Amino acid sequence: MATKTVSFEIKRQASPDAPAVWEKFELEWRPGMNVISAMMEIAANPITSSGAPTTPVTYDSNCLEEICGSCAMLINGRARMACSSLVDNLEQPIRVEPLSKFPLVRDLQVDRSVLFDNLMAVKAWVPVDGTYDLGSGPRVFPQQQEANYPLSNCISCTCCMEVCPQFNEETGFVGAATIAQVKLFNNHPTGKVFKEDRLRALAGDGGIQECGFAQNCVEACPKQLPLTEAISDINRDVLLQKAKDWLRK
Amino acid sequence: MAAPRIIVVGGGLAGLAAVIKIAEAGGAVDLFSIVPVKRSHSVCAQGGINAAKNLKGEGDTTDKHFDDTIYGGDFLANQTLVKRMCEAAPGIIDLLDRMGVPFNRTPEGLLDFRRFGGTLYNRTAFAGATTGQQLLYALDEQVRRFEADGHVKKYEGWEFLSAVLDSKGHARGITALNLRTMELRSFAADAIILATGGIGAIFGKSTNSVVCTGSAQSIVFQQGAYYANGEFIQVHPTSIPGEDKLRLMSESARGEGGRVWVPRKAGDKRPFGQIPAAERFYFLEEWYPKYGNLVPRDVATRAIHKVVYELGLGLEGQPMVYLDLTHIDRETLHHKLGGILEIYEKFVGVDPCVEPMRIFPGMHYTMGGLWVDFNQMTNIPGIFAAGECEYQYHGANRLGANSLVSCIYGGFQAGPNALQYVKNAPPSESNGHHEAELTRQAEINNKLITNQGGENPFRLWRELGQVMTEHATVSRYNKNLKIADQKIVELIERYKNVNLSDRSQWANTSFAFARQLKNMLELSRTVVLGALLRDESRGAHYKPDFPDRNDEKFLKTTKASFTGSVEGPRFEYEEVDTQYIKPRPRRY
């Protein structure tokens, strides 16, 4: 009996300036196989389907449990995590390419540090007095915890930014992930001390006004964050803040 | 005088905890990490973090937490530090709470707690089933705050290659590799904290993340640091076998009432729902009536192996057993275990609220690690270690939900201790050792990138993983451990013929991996030979030929030192600090 195989087409690019080429691979099918295990197989046997030797594919990955946010890429045109992309659920040939909205490093690896810069710009933290034992934290009722917890599940994969038509160099839009974190920290009893700073950071160019409500973000989010809800809530808060700031002038 | 500068390698919970303490005290930190720190392996911790807050009226105390931890670790842990950690734990939970970790709450708005393995108390605080992720994010956010004000400089995408040691053997910095540009550089600091996590990769497939290779620990071991208790490897009873890794299925599933069972009849083909209660073998509950499904991990793992391999009762003859949550209502499950149920459904395609999960033990954690003193410093002056990469807190077996607290506590100790050390450290006489170390590293790199031979590093790694998993996990036999060591020696020899199919100088992942692989191979020998020499059974280290604990001979810390790639590690033994709790038989 012939072994069952899986066909892959992977977009390769040796460096940011090198030309992109597509390479085809024919791999032995295994139960439970995901896109990551295919990459691992290629690393152990770096040969294309035409028998030409090649190099292992460069890509980001770490936990392989869809919680670290590393392995986002375009799989059959869709921004998603490679670890949770099971081969059996994908149409073949499985076409894998890097996220398109971020500077390419090599092959499937891109530079997504802009998200971490954005989180710094909006002060996405709770300003605690110190790390000494200062007694228990503020009381938080379960209802509030249940509202905040989903926002805190963001894995910084940047899928929401990749699929957003407004996320591009022209607008400089921060993207949904950062806005959701603003909502999270503005909701926190201590974190809200920076509420006005955060809203002002989202008020100008590249801020929340750039959102065109395409709602692609919420569709693409692998962790089902309530992104559109966060955007409308923060949009309202930003407008209120703008009005307040105008009146104070 | 300029602020003291300290290098922290690793941006998981332990590393970030150390960074925060140093920055808070006014020190400056260079933080090195292979991945952006927010993507570190700590995100994988699921179930929770232990602290005896006694918010359930059970009379829990930090002393009981201390006793459970020592007893769970089969008396191998040095007691003084474990005691301090358990005493500090409630304050750590409060701090995390103040930092905004969305812990689950009681109706009154207080922290909720659940039960974990190896204890009879509800002592585990949790944020759904993604506690590690939430904790790591809280520390990541605080570090970003210190980054914004200039106390911390991050070097993400840099891999630690070696410590720079001066002529007296004191640490004076590190060399590191930029994983994108492949630039080799040295960085100066009078103290280094390694917080580089676990070693799962030496077992091929484990519950660990890709970066958990143990490479950094192995490097400083090869530079003269002791590696302690390497033979103590935790195999988690409940993981989901996969092609690329073994995915963790948290102990919290059992903490919330999950039951482990198999059909009493071997090879029973009926769907689970058609098997009446009387024909189900809830073996943990039958064998361990007091702790039931929440016996410590080593005990549960051996029980599952017994059921599968000795009694032949694995599901449909396969090495798998049921972990059943279907008797619990969906809303409770979603509220308390959401994250892990989602993982199971995504990767297996079955809803665990409807059908029991199929699980099997998988390599999960190393209790052993770099030897450190009570100040978290290794025997190399100026090199500190914290978190899973050191050996201090868990003895022969770690209790569930104790790792998060040990990471943060260890980091909180290492940071201030490193600062103190730097203040008193004698000034470096010259910078010559930086250049010498750079030359040594450049030679290794050049040799590797130009090496001609027939060995693919990824295939060598698979062979290592197979032999380690087969011979050095749940049941260990001296005959097999010797076979495993011979195999590793063979792989070290074959590594000399390693041939990189990628010889480029840009984001070359095979190059970085091949360097890690050499270090994995060297470290594997401390695990295998440490196990070979320890002729007893204690905690996770189980030898069927020596089924009892032997305190007279082996109530001792194993210390391995590197003597050379050919000679292998040398072993010596150190007394264990048992001043608070007298060792007693461990019977659950």
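Author: Domain bounds here come from an automatic or database domain assignment. The model is predicted.

Reader: What makes chain A a chain of two domains, and where do they run?
Author: The assignment divides chain A into domain 1 (5–110) and domain 2 (113–248). Their C-alpha centres lie 31 Å apart.

Reader: How do you know which residues of domain 1 and domain 2 of chain A are in contact, and how many are there?
Author: Two residues are in contact if their C-beta atoms lie within 7 Å. By that test, 13 residues of domain 1 of chain A are in contact with 12 residues of domain 2 of chain A. Strand E4 (residues 78–81) of chain A gives the largest share of the domain 1 side, three residues. By class, that side has seven nonpolar, three polar and three charged residues.

Reader: What else describes chain A: how many helices and strands are there?
Author: Chain A has eight helices and seven strands. Its C-alpha atoms fill a box of roughly 75 × 40 × 30 Å along the principal axes. Of its 249 residues, 49% count as buried. Take the contacts in chain A with a separation of 6 or more: residues 24 or more positions apart account for 63% of them.

Reader: Which domains does chain B have?
Author: Chain B is divided into domain 1 (253–361) and domain 2 (431–575). The C-alpha centres of these two domains lie 34 Å apart. Their contact takes five residues from domain 1 of chain B and five residues from domain 2 of chain B. On the domain 1 side, helix H8 (residues 297–310) of chain B gives the most, with four residues. That side divides into one nonpolar, two polar and two charged residues.

Reader: How many residues of chain B are in contact with chain A?
Author: The contact joins 58 residues of chain B with 57 residues of chain A. Several helices of chain B give two or more residues to its side, including H1 (13–24), H3 (79–98) and H4 (131–148). The largest share, nine residues, comes from H4(B). By class, the chain B side has 20 nonpolar, 17 polar and 21 charged residues.

Reader: What makes Glu66(A) stand out in its backbone?
Author: Glu66(A) is not a glycine, although its phi is positive, about 55 degrees. Most residues other than glycine have a negative phi. Glu66(A) is found in the loop between helix H1 (35–44) and strand E3 (72–75) of chain A.

Reader: Why is the peptide bond from Gln92(A) to Pro93(A) worth a look: what is its omega?
Author: Its omega is near -5 degrees, and the bond is cis. Most peptide bonds are trans. Pro93(A) sits in the loop between E4 and strand E5 (94–97) of chain A.

Reader: What makes a set of residues a nonpolar core, and how many residues has the largest one?
Author: Its members are buried residues of listed nonpolar types, joined through C-beta atoms within 7 Å. The largest nonpolar core has 258 residues. Cys160(A) and Val19(B) are among those with the most contacts inside it. The largest share of this core, 12 residues, comes from H14(B).

Reader: Which residues does Cys160(A) touch?
Author: Leaving out residues up to four places away in sequence, Cys160(A) touches Gly175(A), Ala176(A), Ala177(A), Cys217(A), Ala220(A), Cys221(A) and Leu227(A).

Reader: What makes the crossing of H1(B) and H4(B) left-handed or right-handed?
Author: A crossing is left-handed if the near helix is turned anticlockwise from the far one by less than a right angle. H1(B) passes H4(B) in a left-handed crossing. Their axes come within 9 Å and cross at roughly 35 degrees.

Reader: Which residues of H1(B) meet H4(B)?
Author: Among them are Leu13(B), Leu16(B) and Val19(B) in H1(B). The H4(B) residues they meet include Leu135(B), Leu139(B) and Phe146(B). The residues of this contact divide into 11 nonpolar, one polar and one charged.

Notes. Residues are numbered from 1 along each chain as its sequence is written. Chains are lettered from A and ligands numbered from 1 in the order in which they are written. This is a predicted model: local features need pLDDT of at least 70, side-chain atom pairs count only at pLDDT 80 or more; totals for chains, interfaces and linings use all residues. Ala, Val, Leu, Ile, Met, Phe, Trp, Tyr, Cys and Pro count as nonpolar, Asp, Glu, Lys and Arg as charged, and the others, Gly among them, as polar. A residue is buried if 20 or more other C-beta atoms lie within 10 Å of its own, exposed if 12 or fewer, and partly exposed in between; C-beta atoms are placed from the backbone. Axes are lines fitted to C-alpha atoms, for helices over the stretch in contact, and angles run from 0 to 180 degrees between N-to-C directions.
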